[in-house]
Amino acid sequence: MNAEFFAFSILSVFAIGGAVFFLNSVRVMHMAISLAFTFFSLAGIYFLLQAEFLAVVQVLIYAGGISILMIFGIMLTKPEEGSPGRSFQYHQWISLATIISFFVIIMVIIYQSPIFTPAEKVSSPSVQQIGSILFKQYAIPFELASILLLVALIGAIVLARKEQK
Amino acid sequence: MYLTSYLALAAILFCIGLYGVLSKRNAVMLLFSVELMLNAVNLNLVAFSRLGLFPNIDGQIFTFFTITVAAAEAAVGLAILISLYRKKETAEADQYNSLKG
């Protein structure tokens, strides 16, 4: 229990710090690295929740794929000069106030609701169990996800290709 | 470890992502702030699947589908962004004021 709490504190501080640096840094590489850091910390938290397969998937797709996609996206569209140095505008204050009130409401709801405790301790699900549920009970959503990925692949190629003159 | 700490962490990450969506001008930053929000939702799903009132494996399965959809969304969103950048020569989200190709 104690070691779990320690690991959770460190990982959550890493995750929140990575997210804050992602929003505040000016350089592109710092942004990408801090976002990848957040994704890695979330994979560690999935390990703490005993979702090992999901943690590996998170490292593969988010820390591997989406971070690289982000670097490509920022480098292909060059940011305008002077845009990060712009002064803090009024709409940013408005959005900050809105989000703080939203956050306070969520926190009050989370801490006011009764503590959920699991009825019985379940053993952590194995990869074999996940596979059998994914291919039996959720077979149709699985196939639909494959079609979605195919459509997204073709759509991305069609959208990003250069127009033939 | 209580469920509430995981929910609080997810709420903090969601709010940071929401702030990024509402206050940033660069469209790439918007796209990846949305990814951050989706990650917070995934964390909620996994936490409930482990520590909820009825622990169940279905939360993890839902998370796989969410990750799939998020990856597809990032790829298509980036493609749209790059074709918009070719047309408008800017990546600022408030310059995109027309849907006409």
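Colleague: What makes the 33 Å reach of helix 1 (residues 2-24) of chain A close to the expected value?

Modeller: The model is predicted, with local features needing pLDDT of at least 70, side-chain atom pairs counting only at pLDDT 80 or more, and totals for chains, interfaces and linings using all residues. Residues are numbered from 1 along each chain as its sequence is written, chains are lettered from A in the order in which they are written, and side-chain values use heavy atoms, without hydrogens and water. The expected span is 1.5 Å times one less than the number of residues; helix 1 of chain A has 23 residues, and the expected 33 Å is close to its 33 Å from first C-alpha to last.

Colleague: How do you know what the secondary structure of chain B comes to?

Modeller: Helices are DSSP runs of H or I with at least four residues, and strands are runs of E with at least two. By that definition chain B has three helices and zero strands, in the order α-α-α from the N terminus.

Colleague: What radius of gyration does chain B have, against that of a compact globule of 101 residues?

Modeller: The radius is taken over C-alpha atoms, and the globule rule is 2.2 Å times the number of residues to the power 0.38. The rule gives a value near 13 Å, but chain B has 17 Å. Its C-alpha atoms fill a box of roughly 50 × 25 × 15 Å along the principal axes.
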